[in-house]
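Dear colleague,

Please find below the structure that I am handing over to you. My findings follow directly after it, and I would be grateful if you read them with the coordinates open.

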Amino acid sequence: MMKMADSIMKKSGKDKKVTSEQRKEAQDSYVCISSNLSQAKLKLEDYNSVMSATSDVLRFDPNNVKALYRRGIAALRLGLLDESKEALTKVEASDPKCVQSLMQELNQAFKKVRDKEKKAYSQMFK
């Protein structure tokens with residue numbers, strides 16, 4: 001399905017006969033398919049695929065809250081804390097309650113990393 005959507009998007013960008021309305025319709029379909037794919041992959045805990053699908057969505061719709069939310073979760077699960085924070089902070093601006101528990105989890109993950117680094121550095125100078 002995604003290969004077909006990718007193909008449509010590539011053709012619509014190159015084909016001179018495609019109107020801007022048709023190009024917009026193809027883009028909207030592509031975003032919808034990619035968004036649905038990201039949700040399915042999130043349920044399957046395939047976080048790398050979630051990152052890829054949300055990248056596709058955000059390329060055309062950088063403020064898509066659902067894609068940012070899913071990307072934030074996937075990045076957190078993959079240990080990509082800075083990426084997770086970036087995505088979840090954008091979601092938090094529009095719906096703080098939605099990401100409250102994820103932000104707490106993210107802050108705990110940052111704390112674990114800091115504690116681990118602190119321990120490693122303290123052992124270096126013994």
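Glu86 and Lys90 form a salt bridge through their side chains, with an N to O distance of 3.9 Å. Please note that the model is a predicted one. Both Glu86 and Lys90 belong to helix 5, where they are four residues apart, or about one turn of the helix. Lys90 has a relative accessible area of 42% and is therefore classed as partly exposed.

In total, seven salt bridges were counted. Side chains of opposite charge can pair when their charged atoms come close. A further example is the bridge between Asp28 and Lys24, in which the closest N and O atoms are 2.9 Å apart. Because Asp28 and Lys24 are four residues apart in helix 2, about one helical turn separates them. Asp28 is partly exposed at 38% relative accessible area, and Lys24 is partly exposed at 44%.

Which side chain meets Arg77 in a salt bridge? The partner is Glu105, at 2.5 Å from N to O. Arg77 is part of helix 4 and Glu105 is part of helix 6, so this pair ties together parts that are 28 residues apart in sequence. Arg77 counts as partly exposed, with a relative accessibility of 38%, and Glu105 is likewise partly exposed, at 33%.

Overall architecture

The protein contains six helices and zero strands. Read from the N terminus, the order of elements is α-α-α-α-α-α. Of its 126 residues, 33% are buried. Among contacts between residues at least 6 apart in sequence, 46% join residues at least 24 apart. The accessible surface amounts to about 8,800 Å², and carbon and sulfur atoms account for 53% of that area.

Helix 2 covers residues 20–43. Its 24 residues should span 34 Å at 1.5 Å a residue, and the end C-alpha atoms are 35 Å apart, which agrees. The buried residues of this helix are Ala26, Tyr30, Val31, Ser34, Ser35, Ser38 and Leu42.

Tyr30, located in helix 2, has a relative accessibility of 3%, which is why it counts as buried. The side chain of Tyr30 makes a polar contact of 3.4 Å with that of Asp56. Tyr30 and Phe60 are 30 residues apart along the chain, and their C-alpha atoms are separated by 9.2 Å.

Is Ser35 buried or exposed? With a relative accessible area of 10%, Ser35 falls under the 20% limit and is therefore buried. Apart from neighbours within four places in sequence, Ser35 is in contact with Val57 and Arg70.

Just after helix 2, Glu45 adopts a positive phi of about 60°. Glu45 sits in the loop between helix 2 and helix 3, the latter comprising residues 47–60. The relative accessibility of Glu45 is 57%, so this residue counts as exposed.

Leu102, Met103, Leu106, Ala109 and Phe110 are buried in helix 6. Among the elements that cover the buried residues of helix 6 are helix 4 (65–78) and helix 5 (81–94).

Which residues make the nonpolar surface patch of about 430 Å²? The patch is made by Tyr121, Met124 and Phe125. Met124 is located in helix 6. At 55% relative accessible area, Met124 lies over the 50% limit and is therefore exposed.

Yours sincerely

How values were computed. Residues are numbered from 1 along each chain as its sequence is written. This is a predicted model: local features need pLDDT of at least 70, side-chain atom pairs count only at pLDDT 80 or more; totals for chains, interfaces and linings use all residues. Side-chain values use heavy atoms; hydrogens and water are left out. Buried means under 20% relative accessible area, exposed over 50%, partly exposed in between (1.4 Å probe, protein chains only). Helices (H or I, at least four residues) and strands (E, at least two) are DSSP runs, numbered from the N terminus. Contact means heavy atoms within 4.5 Å. Patches are made of residues with over 30% relative accessible area and no salt bridge: like charges are joined within 9 Å, nonpolar side chains (Val, Leu, Ile, Met, Phe, Trp, Tyr) within 5 Å. Accessible areas come from the Shrake-Rupley method with a 1.4 Å probe; for residues, only the protein chains shown count as cover. A salt bridge is a side-chain nitrogen of Lys or Arg within 4 Å of a carboxyl oxygen of Asp or Glu. A polar contact is a pair of N or O atoms within 3.5 Å; within protein, one must be able to donate a hydrogen and the other to accept it, and residues adjacent in sequence count only if both atoms are side-chain atoms. The expected span of a helix is 1.5 Å times one less than its number of residues.
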